[in-house]
Structure formats: structure tokens, C-alpha cells
Amino acid sequence: VLLSSCLSGKKCWSVTYTNQSICALNGSTVKLTCSYTYPRGHKVTSTFWFIKSGNGVKPEDLGQDPEFAGRLEYHGDEKNDCTLRITELRESDSATYKFRFTDQTGKWRYTGDPGVSLSVTGLQVKVTVGHQDKTLTCSTTCTLTDNPTYIWYKNGQHLDESTSTQYKDPVSSNYEDSYSCAVKGREDLRSPAVCEYSTIVQYTT
Ligand SMILES: *[C@@H]1O[C@H](CO)[C@@H](O)[C@H](O)[C@H]1NC(C)=O
Ligand SMILES: *[C@@H]1O[C@H](CO)[C@@H](O)[C@H](O)[C@H]1NC(C)=O
């Protein structure tokens with residue numbers, strides 16, 4: 001049954017993306033894990049990933065796109081693996097990535113839908129000053145996929161770590177403090193520092 005359905009076409013043509021939606025850090029590396037199948041008797045001769053298509057636009061091989069020069073690592077083969085790695089991510093890389101392959105005749109082409117939706121975000125610290133604490137928020141434009149541990153810095157020094165995107169630092173001085181945050185494992189991609197002046201309020205009765 002399997003063989004006949006394969007011989008008759010459509011079912012055997014497939015592309016599977018392990019993660020259909022990924023949020024990754026600006027500057028980091030992302031792995032688009034992918035596998036594909038096709039009927040027996042076909043030999044795959046051409047494979048590529050693309051982001052631009054539709055409205056009569058022919059999909060263009062990302063490998064030919066100068067925006068991605070030197071940043072793509074195709075870990076796939078011409079059998080079943082189509083995994084792609086993109087390094088030094090930029091915000092402009094946010095797009096839907098699809099894999100496409102063609103057999104030896106050039107007549108059989110298959111595109112894997114819906115593809116992988118990739119969002120690239122930077123890190124930003126926001127500070128809200130309360131009476132006793134400063135609440136720090138490490139904000140991103142999408143929710144980072146791999147539940148990262150956040151690292152907090154105060155005046156350039158490691159302050160603490162948390163699994164939450166928020167952290168409370170007690171108001172302890174009348175000085176201006178600078179804060180930034182990062183994600184464990186990619187401390188090099190720290191957010192810009194934000195300065196916050198706070199005043200210890202002395203209540204008099
Ligand atoms: C892909 O999904 C797996 C399983 O849900 C998860 O462990 C992994 O972190 C995800 N990878 C990315 C790049 O988001
Ligand atoms: C992304 O990284 C680049 C290079 O480090 C930097 O110039 C840019 O400001 C970053 N964007 C954001 C939103 O963090």
C-alpha cells in the first residue's frame with residue numbers, strides 16, 4: 001500500500017520542519033531542523049531554501065542572496081536531511097523560510113509548506129522605579145523559544161540570574177546605576193545599558 005501510494009505521487013512528497021516558529025536573538029545562530037521525503041525512483045538533484053516568493057515571483061535560492069553571504073551552513077544532503085543553520089542573525093532575517101527540492105527530470109518540484117517562521121529580536125532593558133525596588137525587564141519583540149536564563153548586570157558587573165524576564169533590585173543608593181541584561185550562553189549579545197537615577201525617599205512626619 002505504501003509503495004503504491006508512493007508510486008502514485010503526492011503523499012510521498014513531504015517536508016517536515018521540527019520548529020515551525022522560532023524566535024532567536026540578534027547576532028546568534030539558529031538551526032532550522034528539516035527533513036524531506038519523496039517517492040522511490042526519484043533522485044534529488046537540486047535543493048534550496050528561499051524566503052521570497054509568490055505573485056509570480058520565482059523562489060530564489062538563499063545561497064545566492066548577498067544578504068546571507070557567509071552566514072548559511074547547509075547541513076543537509078540530497079537524500080532526506082534539509083537542516084539549515086544561519087549565523088550572525090540580523091533583524092532583517094525575520095521571514096518565513098521554506099525548503100524546495102527538484103528531481104533529476106526537473107519536472108518534479110516540491111516546496112514544503114508552511115515553512116519556518118523566524119523572528120529575530122534584540123534585547124532591551126526597561127527600568128521602572130518604585131519606592132523600594134527598581135523592576136528591571138529584559139524585553140524582546142518575540143518570546144525566545146528556548147526558555148533562556150536571563151543574566152542581569154549592574155554598572156557592568158554581574159548582578160544575578162533569573163528564569164523570569166523580570167528582576168527586582170532594591171533601591172539602595174542615591175547614585176545613578178546602569179543596567180543591562182543578556183541570555184545565558186550568549187553573554188556577548190548583551191543589551192545596551194540603561195542608566196537610572198534613584199533617590200531614597202526620606203519620609204518625615
Ligand atoms: C525546536 O523544538 C524543540 C522541541 O520543541 C525545542 O527543544 C528546541 O529548542 C526548538 N529549537 C529552536 C531553535 O527553537
Ligand atoms: C542587532 O545587532 C547589530 C550588530 O551588533 C546592532 O547594530 C543592532 O543595533 C542590533 N539590533 C538590536 C535591535 O538590538
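A polar contact here is a pair of N or O atoms within 3.5 Å; within protein, one must be able to donate a hydrogen and the other to accept it, and residues adjacent in sequence count only if both atoms are side-chain atoms. On to the structure itself, which is a predicted model, so local features need pLDDT of at least 70 and side-chain atom pairs count only at pLDDT 80 or more, while totals for chains, interfaces and linings use all residues. Residues are numbered from 1 along each chain as its sequence is written, chains are lettered from A and ligands numbered from 1 in the order in which they are written, and side-chain values use heavy atoms, with hydrogens and water left out.

Ligand 2 comes first. Around it sit Asn26, Glu91 and Gly122, each with a heavy atom within 4 Å of the ligand. For asparagine 26, a polar side-chain atom lies 2.4 Å from an oxygen atom of ligand 2. Glutamate 91 has a side-chain N or O atom 3.4 Å from a nitrogen atom of the ligand. On its own, ligand 2 exposes 360 Å², and the protein buries 31% of that (areas from the Shrake-Rupley method with a 1.4 Å probe; for residues, only the protein chains shown count as cover).

Next, the charged pairs. With a salt bridge taken as a side-chain nitrogen of Lys or Arg within 4 Å of a carboxyl oxygen of Asp or Glu, the count comes to nine. One of them joins glutamate 73 and arginine 85, at 2.9 Å from N to O. This pair links distant parts of the chain, twelve residues apart: glutamate 73 belongs to strand S6 (residues 72–74) and arginine 85 to strand S7 (residues 84–86). Strands (E, at least two residues) and helices (H or I, at least four) are DSSP runs numbered from the N terminus. Glutamate 73 is partly exposed at 30% relative accessible area, and arginine 85 is partly exposed at 27%; the cut-offs are under 20% for buried, over 50% for exposed and partly exposed in between (1.4 Å probe, protein chains only).

What about aspartate 169 and lysine 154, buried or exposed? Both are buried. Their salt bridge has its closest N and O atoms 2.9 Å apart. Aspartate 169 lies in strand S15 (residues 166–170) and lysine 154 in strand S13 (residues 150–154), so the bridge ties together parts 15 residues apart in sequence.

Glutamate 161 and lysine 184 also meet in a salt bridge, at 3.0 Å from N to O. Glutamate 161 is in strand S14 (residues 157–162), and lysine 184, 23 residues away, is in the loop between strand S16 (176–183) and strand S17 (194–197). Glutamate 161 is partly exposed at 32% relative accessibility, as is lysine 184 at 45%.
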